[in-house]
Amino acid sequence: MSKLQEPLEDRIHLFAHGGAEGALLKILDDDPHSLNDLLDDDHKLDQDRTLPFSYTCCYLRHRDRHVMIDGGIDGDEVTAQLAILDVVPEDVDLVLITHVDRDHVAGLILQVGDGELTYPNARYAIDAGLWAALQEDATYEELPKHLQRLFKALTARIADRVIPCDGETEVAEGIVFVPCPGHRPGHAAYELASVAGADGALGDTPILHVGDAFMHPVFMEHPDWPMIGDSLPDQAVESRKQLLGRIERTNPLLIATHFPWPGIGPAHCSSIR
Ligand SMILES: [Zn+2]
């Protein structure tokens, strides 16, 4: 991929790992938060810390695939960033959905014209239970109208190209859907295996994208602390513990959507900060 000049480095972070190349794309400006806003009353810090909450989606060239992990908020903006990397939307053949919050999937639908898919040639991996729920009217009852429209449009558009994942599933060669429900029902992480080098040796650890299972590194140190905003707190704690076990075993390069920019680093537990 092309080398970036400043100030693009503030919005696009290039990386290479295990034979894959990728880019974190900043989809919104950093949003300073109080860490205490994420912690319940039993765990609030005496001395609060401000944390730079970032918003990203991820592009990866993995084996011969062009992969997006989530799609950001604005598809036009994300594809403009991809163009800088010489990637056109039609190239993308696989979209990995962590969950269907607006900041993760609104950019999968273009806001102009009839709301076509941003990545028209892709297949879309998503949790099977979540996919089933998206077919039910009851799922949308509590949502504001604009979100109902968004999620219904997305569901209709990807229906003939969806990969519903029931439990841990290899969605493409070397790319594994890892269920970790709790932040939202059907929330998922994705693990991308290292690619064999020219000598055939598997040179590296995998890449693990954890979506919003961890909204801040403090939850890697304290996976059992309730995280304000999780829809299913008990399941979220269980999922964080399972992910940490996986991280201990595989020592991946970790990516987390909302960690301080660019939100990527070696994840020997809490070293990414
Ligand atoms: Zn999010």
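This is a predicted model: local features need pLDDT of at least 70, side-chain atom pairs count only at pLDDT 80 or more; totals for chains, interfaces and linings use all residues.
1. Asp 76 is found in helix 1, where helices are DSSP runs of H or I with at least four residues, strands are E runs of at least two, and both are numbered from the N terminus. With 12 C-beta neighbours inside 10 Å, Asp 76 counts as exposed. For the cut-offs: buried takes 20 or more other C-beta atoms within 10 Å of a residue's own, exposed takes 12 or fewer, and partly exposed is in between, with C-beta atoms placed from the backbone. Residue numbers start from 1 along each chain as its sequence is written.

2. What does Asp 76 touch, leaving out residues up to four places away in sequence? Leu 110 and Gln 111, where contact means C-beta atoms, placed from the backbone, within 7 Å of each other. As for Ile 109, its C-alpha atom is separated by 9.2 Å from that of Asp 76, and the two residues are 33 apart along the chain.

3. Now the rest of helix 1, residues 75-84: Gly 75, Val 78, Thr 79 and Leu 82 are buried. Looking down the axis, these buried residues fall within an arc of 95°, so they line one face of the helix; the arc is that of the directions from the helix axis to the C-beta atoms.

4. What covers the buried residues of helix 1? The cover includes strand 2 (20-34) and strand 3 (50-62). Helix 1 lies across strand 1, strand 2 and strand 3, and runs at about 135° to strand 2. Angles here run from 0 to 180 degrees between N-to-C directions, with axes as lines fitted to C-alpha atoms, for helices over the stretch in contact. After helix 1 comes Asp 86, with a positive phi near 65°.

5. Strand 4 (residues 65-69) deserves a look too. Four of its five residues are buried, so strand 4 is largely enclosed by the rest of the structure. Strand 3 and strand 4 pair in the antiparallel sense over five bridges, pairing here requiring at least two DSSP bridges between two strands. Within that pair, Arg 61 stands opposite His 66. The two strands form a hairpin with two residues between them, and Arg 63 in the turn has a positive phi of about 50°.

6. Strand 4 also runs parallel to strand 5 (residues 94-96), joined by three bridges. The bridge partner of Ile 69 is Leu 96 in strand 5. From strand 4 the chain crosses through helix 1 to strand 5, and this β-α-β crossover is right-handed, that is, with the strands pointing away from the viewer, the path from the first strand over the helix to the second runs clockwise. Strand 5 pairs in turn with strand 6 (residues 123-127), in the parallel sense over three bridges, and Val 95 has Tyr 124 in strand 6 as its bridge partner.

7. Put together, these strands belong to an open sheet of seven with the order 1-2-3-4-5-6-7 and mixed pairing. Strand 1 (12-17) and strand 7 (162-165) stand at the edges with a single partner strand each, so one side of each is left without a neighbour in the sheet. From one strand to the next, the twist averages 25°.

8. There is also an open sheet of six strands, in the order 8-9-10-11-12-13, again with mixed pairing. Its edge strands are strand 8 (169-172) and strand 13 (264-266), each pairing on one side only. Inside this sheet, strand 9 (residues 175-179) and strand 10 (residues 188-192) pair in the antiparallel sense over five bridges, with Val 178 partnered by Ala 189 in strand 10.

9. Finally, the whole chain. Its secondary structure comes to six helices and 13 strands. The radius of gyration is 18 Å, close to the 19 Å that the globule rule gives for 273 residues, so the chain is as compact as a globular protein of that length; the radius is taken over C-alpha atoms, and the rule is 2.2 Å times the number of residues to the power 0.38. Buried residues make up 42% of the 273 residues. Among contacts between residues at least 6 apart in sequence, 66% join residues at least 24 apart.

Methods
Two residues are in contact if their C-beta atoms, placed from the backbone, lie within 7 Å.
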